[in-house]
Amino acid sequence: MAVFTSVSLDDVQPWIAQFPLGQALALKGIASGIENSNFFLTTERGEYVLTIFENLNFEQLPFYLRLMEHLAARGVLVPAPVPNDQGELCVPLQGKPAAIVSKLEGSSQLDPQPVHCAAVGAMLAKMHLAGTDFPLYQPNLRGLAWWHWATPIVLPHLGKAEHDLLCSEMHFQEAFHGSALYKRLQQGPVHADLFRNNVMFDGEQLTGFFDFYFAGCDTWLFDVAVTVNDWCVDLDTGVLDVARVRAFLDAYHAVRPFTPDEQEAWQPMLRAAALRFWLSRLYDLHKPREAEMLTPHDPAHFERILRERIATPAPALHA
Ligand SMILES: Nc1ncnc2c1ncn2[C@@H]1O[C@H](COP(=O)(O)OP(=O)(O)O)[C@@H](O)[C@H]1O
Ligand SMILES: N[C@@H](CCOP(=O)(O)O)C(=O)O
């Protein structure tokens with residue numbers, strides 16, 4: 001269940017008059033998702049997704065919605081927000097911020113093959129390049145500062161082995177993030193949560209990236225590492241599948257060539273990306289929010305990935 005705020009077609013009818021979409025014809029709640037209330041919305045102009053934001057507020061939302069608008073205008077396959085007659089992308093509905101975005105065709109590819117990884121890699125590189133002239137700034141809100149804040153909260157809940165791993169990896173990442181090498185890495189707007197469930201495919205055709213609500217400005221390489229750690233991994237062991245990694249990285253590199261600095265930072269960045277999700281899953285498990293996090297994701301999956309990245313070097317970014 002992911003409709004926290006209920007809304008009917010009758011509620012939407014007067015509200016939608018401010019959008020250039022004609023009348024609303026149908027509204028259907030979307031079951032998946034854990035953060036917001038999402039609905040498929042059919043209007044006289046076509047199919048859209050209506051989102052009522054449960055946690056983000058009117059000050060926070062422009063970064064995400066304007067980023068999607070910016071990327072869509074540059075040919076990156078992402079949902080395009082629909083402005084109302086005042087040019088606003090986010091307007092109140094049932095007292096909460098709400099937005100309408102274009103509906104992506106297809107479904108998530110949960111068993112990706114190299115061909116899917118290549119499509120995601122190429123589109124991610126295109127997205128990074130398209131974001132270079134995006135004028136708004138917000139840091140990655142799940143970056144090093146959040147890790148510092150969350151670590152002492154989760155540590156008391158951990159056994160010795162996990163406690164030691166978290167402490168030692170935080171030390172390692174502090175040194176890495178403070179290094180001259182890290183500071184030379186290219187930065188810009190990143191998705192920061194581009195997992196399999198946040199990309200649509202129609203067969204082998206990628207139709208779009210969505211769920212931009214963890215986006216922020218961070219290193220492009222962090223985004224690559226987050227995505228590889230999900231798309232190219234054996235889910236049972238955390239081991240990287242070399243064919244999928246190569247397909248992903250080669251396709252990315254063909255659009256936006258990796259730099260020598262990125263090559264050098266690749267192994268620690270894969271560890272950073274694993275730590276980020278291990279920590280957020282630990283936090284969600286031990287400090288659950290009231291209604292939203294109905295089934296917390298398993299932290300052990302990312303603990304396994306982190307241990308594996310420490311133990312085994314991943315394939316190089318490029319030859
Ligand atoms: N623009 C879109 N086009 C098509 N389907 C979408 C779109 N946005 C969301 N969805 C559907 O809604 C579901 C929940 O969206 P998601 O952004 O993951 O929710 P939450 O933010 O609550 O986690 C997705 O799994 C997908 O099926
Ligand atoms: N991808 C994260 C959790 C974020 O959830 P999402 O459904 O909004 O992508 C994880 O797997 O821990």
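**Ligand shells, domains and sheet in a predicted model**

Modeller: By class, three nonpolar, four polar and four charged residues make up the shell around ligand 2. Please keep in mind that this is a predicted model.

Biologist: Which residues surround ligand 2?

Modeller: The shell of ligand 2 consists of Ile34, Glu35, Asp193, Phe195, Asn197, Asn198, Asp211, Phe277, Ser280, Arg281 and His297.

Biologist: And ligand 1, which residues come nearest to that one?

Modeller: Ligand 1 has 17 residues around it, of which Gly33, Glu35, Pro79, Leu104 and Asp211 come nearest. Glu35 and Asp211 also belong to the surroundings of ligand 2.

Biologist: What is the make-up of the ligand 1 shell by class?

Modeller: The shell around ligand 1 has nine nonpolar residues, together with five polar and three charged ones.

Biologist: Let us turn to the overall layout. Into which domains is the protein chain divided?

Modeller: Domain 1 covers residues 9-102, and domain 2 covers residues 114-311. Their C-alpha centres lie 27 Å apart.

Biologist: How many residues does each domain bring to the contact?

Modeller: Domain 1 contributes 17 residues to the contact and domain 2 contributes 20 residues. On the side of domain 1 that touches domain 2, 12 residues are nonpolar, one is polar and four are charged.

Biologist: Where does ligand 1 draw its shell from, in terms of domains?

Modeller: Each of domain 1 and domain 2 supplies at least three residues to the shell around ligand 1.

Biologist: What does UniProt list for residues 27-258?

Modeller: An unreviewed UniProt entry gives those residues as "domain: Aminoglycoside phosphotransferase". In the model, residues 27-258 are 39% helix and 19% strand, and the end C-alpha atoms of the span lie 44 Å apart.

Biologist: Now the sheet. What is the order of its five strands?

Modeller: The order is β1-β2-β3-β5-β4, in an open sheet with antiparallel pairing. β1 (24-29) and β4 (91-93) each have a single partner strand, so one side of each is left without a neighbour in the sheet. From one strand to the next, the twist averages 35 degrees.

Biologist: Staying with β4, over how many bridges does it pair with β5?

Modeller: β4 and β5 (residues 96-102) are joined over three bridges, in the antiparallel sense.

Biologist: Which residue in β5 stands opposite Val91?

Modeller: Val91 faces Ala98 of β5.

Terms used
Residues are numbered from 1 along each chain as its sequence is written. Chains are lettered from A and ligands numbered from 1 in the order in which they are written. This is a predicted model: local features need pLDDT of at least 70, side-chain atom pairs count only at pLDDT 80 or more; totals for chains, interfaces and linings use all residues. A residue is near a molecule or strand if its C-beta atom, placed from the backbone, lies within 6 Å of it. Ala, Val, Leu, Ile, Met, Phe, Trp, Tyr, Cys and Pro count as nonpolar, Asp, Glu, Lys and Arg as charged, and the others, Gly among them, as polar. Two strands pair if DSSP finds at least two bridges between them. Helices (H or I, at least four residues) and strands (E, at least two) are DSSP runs, numbered from the N terminus. Axes are lines fitted to C-alpha atoms, for helices over the stretch in contact, and angles run from 0 to 180 degrees between N-to-C directions. UniProt positions are given in the numbering used here, feature names are shortened, and annotations may be inferred rather than shown by experiment. Domain bounds come from an automatic or database domain assignment. Two residues are in contact if their C-beta atoms, placed from the backbone, lie within 7 Å.
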